[in-house]
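Me: I am new to this structure and would like to learn how to read the place where two chains meet. Could you take me through it slowly, one feature at a time?

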Amino acid sequence: MDELFFQVLEGAFALPVILYTTVGVFLGITVGAIPGLSGDMAIALLLPLIYKVSPAAALGMLMGIYKGSMFGGSISAISFGVPGTAAAAATVEDGYPAKLKGHPKQAMLTALYSSVTGDLISTLLLVFVAVPMAKVALHFGPVEFFALYVFALMMISLLVVGEMKKGIAAAAIGLFIGTIGMDPMMGSVRLTFGISSLRGGIPLIPLLVGVFAVSELMIQFGRECASRSAKKVAEDAIKAEELGIYDPAKDRMSLKIYWSTFRAALIGSGMGTFIGALPGAGSSLAAFMSYGLARKMSRKPDEFGTGTLEGVAAPEAGNSATAGASLIPLFAFGIPGSATAALFGAALIMQGINPGPMMIEENKVIIYTLFVIIIYATFINLVLSHGLIPLYAKLAQIKACYLVPTVFALALLGTFASRNSLFDVWVLLAAGVLGIYLRKNGFPLGPLVLGFIVGPGAEKALRQALLMGRGDWMFLLKSPIALGFYALCVISLLLIHFSVKKKLVEED
Amino acid sequence: MLTKRTMLLGTAVLLAVLSFGAMASAADFPKAKQLRMVVPYGAGGGVDISTRILATPAQDILGQRIDVVCMPGAGGQEGINFVLQQPRDGYTLLVTDYGPLVTTALTEEVTYDLSDWVPLVQITEVVPTFFVLAESPLKNVEDWVKAAKEKPESLTVAHGRHLSVPHLPLILFEKTAGIKNTHVPTTGGSEALAYVLGKKVDIGASVPSTIASTVKAGTMRPLAVCSLERVATLPDTPTMKELGYDVVLPAWYTVFAPKGVPEETLKILEEKFIEALKSEGAKEMAGKSNVLLTPYGRDKTAGLYEGTISSLKTILADVKK
């Protein structure tokens with residue numbers, strides 16, 4: 001035990017690991033602060049290059065990016081009312097009015113401290129929940145896994161932000177893409193149309209980078225070269241003048257102010273951790289739900305939307321709390337809780353660590369090292385963000401015509417480097433085109449990627465279960481754990497059905 | 001005749017290189033450029049790790065840089081085809097087990113013939129191993145055969161992928177012993193291990209490194225290994241051969257050159273690679289990653305290659321029926 005302890009500390013606090021993590025946090029805040037670039041995208045872009053460094057350094061860097069980008073998104077949200085990431089969209093509601101009212105600093109620091117609070121709470125939960133949960137996961141055989149996959153697929157499509165049918169359609173496309181190539185059981189080749197490069201299936205990384213990053217880049221390139229936020233700044237100057245002159249004396253951050261938003265931050269942390277741990281939900285949903293809940297539970301609900309700091313604290317704590325929590329299902333069962341966790345899972349696999357019930361047992365040192373890194377990355381984030389806030393309020397004004405080609409070149413290079421395959425580059429471009437179509441038509445991308453990842457696993461589990469049960473479908477119901485998951489499916493379906501109905505009635 | 005053809009081809013390559021005015025020639029090997037060892041698997045896997053154990057000391061011994069290039073695309077065929085498309089000068093080599101090279105060639109259409117490859121040096125050997133939980137009623141292979149004969153297909157065996165390194169010996173064993181089990185394909189060793197630990201299946205088939213820690217902890221009982229001699233990490237586990245079943249099907253990780261590389265170059269590569277595998281550096285790296293080095297030269301690996309091809313042909317012919 002002592003030996004493990006020292007090995008972990010030695011691994012976690014090695015200079016390169018701290019450096020990589022710091023660079024990750026820095027990158028995360030940077031891409032988060034630039035509208036159009038997101039943490040997912042940065043992780044996807046870096047993924048192919050990740051196996052060149054040690055597992056601890058690689059994972060520390062990715063985790064740093066995730067954490068940094070969760071806060072970074074709020075910088076441009078508060079400064080210009082343009083969310084730097086999708087997850088920061090809810091922060092705009094109160095963060096931007098707060099700035100206009102002359103409290104940009106208070107809003108920014110409230111966002112930062114709530115982010116860190118939410119992040120820390122969910123990370124501690126990850127550490128204390130994932131390990132015991134992974135032990136339970138050893139009782140999971142194909143029957144239980146299939147039930148879990150069914151639950152995951154259901155959550156993916158139910159919890160989508162926007163139209164549910166489009167979420168389901170996106171997940172179905174992902175499932176379909178996942179069937180291309182050799183089947184997981186007998187190795188028969190499916191849907192390759194004689195193209196031998198498709199034998200191995202559609203590779204995950206080019207698909208991820210293409211769908212998330214390339215599509216966004218192509219869309220931005222199609223737009224004007226002037227960025228939206230530049231125009232916003234001009235408009236803001238006029239608005240701010242109308243509201244009076246900025247007085248720094250009235251915009252001081254204090255412990256009292258932090259304390260006054262602490263309740264909202266706690267609500268956000270709880271909600272974010274819960275949503276994050278569900279497979280399929282994402283950080284933007286967590287942020288919106290935290291905002292909604294904090295508003296309902298607030299003593300001054302009327303102030304929401306006018307620039308109250310509680311309205312900044314709740315969504316920021318909420319989106320950051322998904323960082324640790326979304327790794328819980330990945331670490332315990334090998335099922336990623338979000339698109340970012342899926343990217344994280346891919347990084348683990350590239351390091352020779354297979355996410356799943358055996359992962360923690362087999363890689364104790366690395367996993368515990370990772371836990372330590374995830375915790376201290378939070379503090380690196382706190383310190384770095386503090387210094388970068390004033391600088392980064394300007395970053396959102398970089399022109400797309402400089403940014404897009406650079407990132408695009410990185411995407412091509414990174415994809416080729418990961419498997420030395422030109423075919424992968426074609427997949428990247430094709431996935432980019434698919435991504436454009438889906439984005440333009442309002443399809444969410446998360447379900448597609450999760451469908452792609454969960455699909456082959458679900459098929460394998462089902463067929464293994466049927467083999468073990470000698471073709472008897474009732475065998476699938478002969479496990480209490482599996483029955484529990486099916487019950488959860490029905491309950492969540494009913495809950496969501498009725499809450500949607502209620503909303504519709506209210507709107508009428 | 002083979003050597004004559006090799007010589008002819010070698011001369012052709014030599015002439016081609018010279019006609020381009022390049023300084024490279026077989027006599028200069030390996031001074032012209034860095035070497036590439038292509039691995040038809042992803043980074044971090046067993047073959048990749050073994051290749052790096054060889055490549056790291058070999059660069060110093062050869063005095064030339066060696067790049068390990070992972071090309072897992074199209075189930076490994078991208079890497080194999082890449083090697084075939086390069087000049088046959090010995091600077092681009094393939095390192096693989098028999099899976100993508102031989103099994104795929106025997107079951108699907110590929111661009112090469114099995115005789116297009118010259119096995120050079122074997123790096124290591126992984127031995128298919130059958131195992132059960134320590135508390136299982138199956139104490140040994142005899143119990144397994146008896147139970148399977150009483151109730152055919154009643155026992156479930158989790159192995160790796162379909163027709164993978166642990167699956168083929170299972171098929172061969174069933175044929176030899178005249179029994180039948182229910183096969184449950186998985187994505188690999190750790191999944192098979194998890195299913196045995198979780199009592200979802202009766203028997204697991206994998207390689208010694210997968211089960212080493214559980215055997216040490218006393219939770220797992222290895223039944224038999226499918227190699228000619230016992231495995232060093234599982235000294236108490238009998239071989240199938242000892243038990244009277246002719247199931248010897250270890251998987252080699254071997255360096256291959258495409259046919260047509262000059263004989264002098266092959267000689268240099270063989271000699272230096274063997275030297276590298278016997279170096280302290282290689283031994284240290286191998287120890288850390290639980291790899292047992294088996295530095296066999298051209299003669300022995302050629303025999304093992306031919307042997308594997310003929311056993312696989314027999315097994316696969318049965319599967320197709």
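Reply: Let us begin with a term: a polar contact is a pair of N or O atoms within 3.5 Å, and within protein one of them must be able to donate a hydrogen and the other to accept it. In this model, which is predicted, the rule finds twelve residue pairs in polar contact across the interface of chain B and chain A, both residues of each pair being at pLDDT 80 or more.

Me: Which elements give two or more residues to the side of chain B that touches chain A?

Reply: They are strand S2 (66-70), helix H3 (77-85), strand S7 (182-185) and helix H7 (189-197) of chain B, and H7(B) gives the most, with six residues. By kind, the residues on this side divide into 13 nonpolar, 14 polar and five charged.

Me: How many salt bridges does the rule find across the interface of chain B and chain A?

Reply: The rule finds three, and one of them joins the side chains of Glu191(B) and Lys460(A), at 2.8 Å from N to O.

Me: And how is the size of an interface often given?

Reply: It is often given as the accessible area lost when the parts come together. Here the area buried between chain B and chain A is about 2,400 Å², of which carbon and sulfur atoms give 55%, while 32 residues of chain B are in contact with 30 residues of chain A.

Technical notes: Residues numbered from 1 in each chain as written. Chains lettered and ligands numbered in written order. Predicted model: local features only at pLDDT ≥ 70, side-chain atom pairs only at ≥ 80, totals over all residues. Heavy atoms only, no water. Contact = heavy atoms within 4.5 Å. Buried area = accessible area lost by both parts, 1.4 Å probe. Salt bridge = Lys/Arg side-chain N within 4 Å of Asp/Glu carboxyl O. Polar contact = N/O pair within 3.5 Å; in protein donor to acceptor, adjacent residues only side chain to side chain. Helix = DSSP H or I, 4+ residues; strand = E, 2+ residues; numbered from the N terminus. Nonpolar A, V, L, I, M, F, W, Y, C, P; charged D, E, K, R; others polar.
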